[in-house]
Amino acid sequence: MGEKKPRDYDREFTERVGRRSRRRLGLDIERGIVTRFVVQLEYGRNIVEDEWDEVVRYDHDGEGSSEAAHDVTEDGLHIDIYRDSAKIESHELTPPLRSNVALNRAEEHLRENLEGYIRRFEEWHQIDESR
């Protein structure tokens, strides 16, 4: 399974964006520059037990401190897509950007596509929200 939530970030935020979904943000800032971030949409498969699955994830690590580190200043912004608790695709969204700009783009992209990502996740996992 992928990482379920941002860990070891200087600042972490969680925001509900639907009945069974939430957005997680983790970031490190040094001298006004974002050095590392994750923006992640999660779906509550079992909210009572606080069990959340990744839906999509955008991340940046300028230090390259993890095996799957992406540096948006070199590689551009990308999105990872998850199904059945595993990353199934990764798409490049932009050419290389400053990290602060990339964070804003990631949040904008998620906001613009949020409903579609949730709907696709529910279809893939045969979740009927009308029940």
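Me: Buried means under 20% relative accessible area, exposed means over 50%, and partly exposed is in between (1.4 Å probe, protein chains only). With that settled, which residues of H2 are buried?

Reply: This is a predicted model, where local features need pLDDT of at least 70 and side-chain atom pairs count only at pLDDT 80 or more, while totals for chains, interfaces and linings use all residues. Residues are numbered from 1 along each chain as its sequence is written, and side-chain values use heavy atoms, with hydrogens and water left out. The buried set in H2 is Ser99, Ala102, Leu103, Ala106, Glu107, Leu110, Leu114, Tyr117, Ile118, Phe121 and Glu122.

Me: What makes H2 a helix, and where does it bend?

Reply: Helices are DSSP runs of H or I with at least four residues (strands are E, at least two), numbered from the N terminus. H2 covers residues 99–124. The bend is about 65° at asparagine 113, taken as the angle between axes fitted to the seven residues ending there and the seven starting there.

Me: Why is the pair of arginine 22 and glutamate 42 called a salt bridge?

Reply: The term needs a side-chain nitrogen of Lys or Arg within 4 Å of a carboxyl oxygen of Asp or Glu. Here the closest N and O atoms are 2.6 Å apart, so the pair qualifies. Arginine 22 lies in strand S2 and glutamate 42 in strand S3, so the bridge ties together parts 20 residues apart in sequence.

Me: How do you know whether arginine 22 and glutamate 42 are buried or exposed?

Reply: Arginine 22 has 8% relative accessibility and so counts as buried. Glutamate 42, at 0%, is buried too.

Me: What makes arginine 45 and aspartate 53 a salt bridge, and is arginine 45 buried, exposed or partly exposed?

Reply: The N to O distance is 3.4 Å, so the pair passes the salt-bridge cut-off. Arginine 45 sits at 38% and therefore counts as partly exposed, whereas aspartate 53, at 13%, is buried.

Me: What joins the side chains of aspartate 71 and threonine 73?

Reply: A polar contact of 2.5 Å. That term means a pair of N or O atoms within 3.5 Å; within protein, one must be able to donate a hydrogen and the other to accept it, and residues adjacent in sequence count only if both atoms are side-chain atoms. Aspartate 71 is buried without a salt bridge, and arginine 98, the nearest side chain of opposite charge, is 12 Å away.

Methods: Lys and Arg count as positive and Asp and Glu as negative; His and the chain ends are not counted. The expected span of a helix is 1.5 Å times one less than its number of residues.
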